[in-house]
Protein chains: 2
Amino acid sequence: MNRIATIAALALSYQAFISPAAAQEAEAVTPNSVVAAATPDEWVAIAPEDLLVMDLAPDAQGRARRVVIQLLPPPFSQPWVENIRTLAVAHWWDGTSVYRVVDNWVAQWGGGEGEGFVARALPEGVVSTSESYSVHLFCTWSSRNREHGFFDCPFDHPGQVDAYVPLGLSGFINGWPIHCYAHVGVARDLAPDTGTGAELYAVIGHAPRQLDRNIAVVGRVIAGIEHLSTLPRGTGDAGVYEDRAADTLILSVRLGNELAEPPTFEYLATESESFARYVEIRANRQDAFYTLPAGGVDICNVQVPIRRAER
Amino acid sequence: MNRIATIAALALSYQAFISPAAAQEAEAVTPNSVVAAATPDEWVAIAPEDLLVMDLAPDAQGRARRVVIQLLPPPFSQPWVENIRTLAVAHWWDGTSVYRVVDNWVAQWGGGEGEGFVARALPEGVVSTSESYSVHLFCTWSSRNREHGFFDCPFDHPGQVDAYVPLGLSGFINGWPIHCYAHVGVARDLAPDTGTGAELYAVIGHAPRQLDRNIAVVGRVIAGIEHLSTLPRGTGDAGVYEDRAADTLILSVRLGNELAEPPTFEYLATESESFARYVEIRANRQDAFYTLPAGGVDICNVQVPIRRAER
C-alpha cells in the first residue's frame, strides 16, 4: 500500500462492504487490476513545483500531518494558481490555521479578516482576479469541453447528464475532472472577483456541483486528505470554530521544489488507453461483489489514479 | 441552530465560502428561507420506533457521542429493516464497535466474523434475506419511480441523467432520495443474500452510486454523522483498524421508543409545495453568492430538511 497515494488508495477500497473475514474474491478485471497493468509511459510525473505541501501541527498523539495538494494545470484558474505560488514562496500561510470545518462540505484555511485572524498584508504580486474572472473560472470547462469534443458542462443543458457518462466518454482534461471530493477551491466574498487564493478550502463531502462556474477550483489533495476530513466540525457561524483555540495550526506551506526532499507523485494519464479501460470497468464492475453493474458512473466516483513515484 | 438537526444544518451552510467577516448578504429567497416559511402541516413527524439511537463511547474529551438513524419506510428494504428492529430490541449491538473507517467511503460497525469480533449468535427471527432480495432491494426505486411518474434510475438508461434534474422533478419518494451522504446500508459478503443488517455502514463521502441495486439502503443518519465522519481512518485491510484497540465502542443501540426520552424529529414532506420550491431554489440559487445558478442540482445535494421537533 505504501506506493499508492491516498486517492488511489480510495479507489482500492472497492471491496467495500465485504466482511473482513471473507475478503477473497474470484479473479476478475477490476479498477485496481486495470491500474496495476498500466504501462510506465501511461503515468505522468507531477512536477514538484506543481505541489503545495502543507504541514499541520502534529495531532494529539504527536503524529505529523502532511497534506499534499496538486495545483491545477493550465488552462484553468491560472490567475489564482499564480497567486498561490506567490503566497507559498512568501511563506505567507505559515502560522495561519484551519479555522472552519463543516461536515459534508469543506475544511477551510489560510487568510481571513476580523477577530481570530492574523492580520498580514498580501505579498506583492498577489492580485484580485476580476479581470480574468470570466475567462479563467474553472467552469469555462464548458466551452473547453466543447472544443475537446467532451461533454458540455451540465449547467448549459439542464436535464442532460454528466453523472452517468456513456461508456468511453468522460469529462476529464489533462488528468482532471470537475469539482469533486478532495478538490481545493478559492474561498471568496460575495463578489466573484474577491478571492485571491489566500483563503482555500478542500471538499470533504459530496461534490458541491452547484458551485460550478461560481468558484475557482485550483487543485486537489493527493495525500493526507484525512488530516482535514477528520478534523472536528466547527459549531460557530458557518462552521468556524466557536473557540478559535480549536483551530489547527499550519506550520508551513511550501511549493514542492522548495523542500529538500520533494514529494514525488504521478498520475495515470486520463487520455491513456488504461484510463479509458478504467472508466469502462468502473462503469461496468465485474468483480464478484457487483450483482448488477450500473452501466455508467458518476464522474466523481472515477478517482484519477495517483501514486507515489520512485525517486 | 438547536432546533435544526445535523442534515438540515448542512443545508444551512450555503454561505459556504464567504469570509466570516463579511457574511452579511442581501435579502433573497434561499433554500433556508423556503424551509423557514414551510407551514406546520408540511412537516412529517418521525415515529420514535423508526429511529435507531446509537450511543458511542464518549470521545477523548469525555463528550457524549449519539448517532440517530432514521429507518427507511416501506416499500423498500423492509426485510433488512425488520432484522434491524429485532437486533435493536435484543440489544444485540451493545458492546460491538465501529471497526472500519475509509475516507470518502464508509464508517462500518456491528457484527463481523473472525479475529477482533465478539462471537454472538443472531437473535431468533433475524434471517438471511435471499428470498426477498430481488423485490426489496433499494433500487427497485427504478420501477417505483416509473410508477410514480418520476425519473427512472439512471442505470436503466446509461447516458441519461439524474444528477441535474429538470426543474420541478425530483427522485424523492416518501422523503427519501437514493444512496447519498450519511445514508446507512447493509454490509454483506460477496453473495447478495448474505447481509442480515447486523453489520451496517454509513456513507461518509461522495455518494457511491455504483452500489445502486447492489446494496440495501436501510436508513440515514439524521443527527450525529460527525461522530462517524471524524473517526480516524483505518489503515488495515479494507480500512479495518490494524490495531482493533482503535475501534470505537458502541455502548448501546436502541429503537427510539425504548428510550425514556425518545428523540423527536420531523422532515419536510418531499411531496409538499415547500419542498418543490426548495428543490427549485437549490437548482437556481438566488442568494448573492451565486453569480451563475446551475439550472439543475444533483439529487444528493438536495438534503431533505430534517429538524428536531418540539415535544
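**Disulfides and strands**

Modeller: The link of C180(A) and C300(A) is left-handed, with -80° about the S-S bond. One caution on the source: this is a predicted model, where local features need pLDDT of at least 70 and side-chain atom pairs count only at pLDDT 80 or more, while totals for chains, interfaces and linings use all residues. Residues are numbered from 1 along each chain as its sequence is written, chains are lettered from A and ligands numbered from 1 in the order in which they are written, and side-chain values use heavy atoms, leaving out hydrogens and water.

Colleague: How far apart are the sulfur atoms of C180(A) and C300(A)?

Modeller: They are 2.1 Å apart; a disulfide here is a pair of cysteine sulfur atoms within 2.5 Å.

Colleague: Are C180(B) and C300(B) buried or exposed?

Modeller: C180(B) counts as buried because its relative accessibility is 5%, and C300(B) is buried at 4%. Buried means under 20% relative accessible area, exposed over 50%, partly exposed in between (1.4 Å probe, protein chains only).

Colleague: Okay, new topic. What is the strand order in the open sheet of chain B?

Modeller: The order is 1-10-11, three strands with antiparallel pairing. Strand 1 (43-46) and strand 11 of chain B are at the edges with a single partner strand each, so one side of each has no neighbour in the sheet. Two strands pair if DSSP finds at least two bridges between them.

Colleague: How many bridges between strand 1 and strand 10 of chain B?

Modeller: Four, and strand 10 covers residues 265-268. A45(B) stands opposite E266(B) there.

Colleague: Over to chain A: how many residues of strand 9 are buried?

Modeller: Six of the eight residues in strand 9 (residues 248-255) of chain A are, so the rest of the structure largely encloses this strand. Strand 2 (residues 51-56) of chain A pairs with strand 9 of chain A in the antiparallel sense over five bridges.

Methods:
Helix = DSSP H or I, 4+ residues; strand = E, 2+ residues; numbered from the N terminus.
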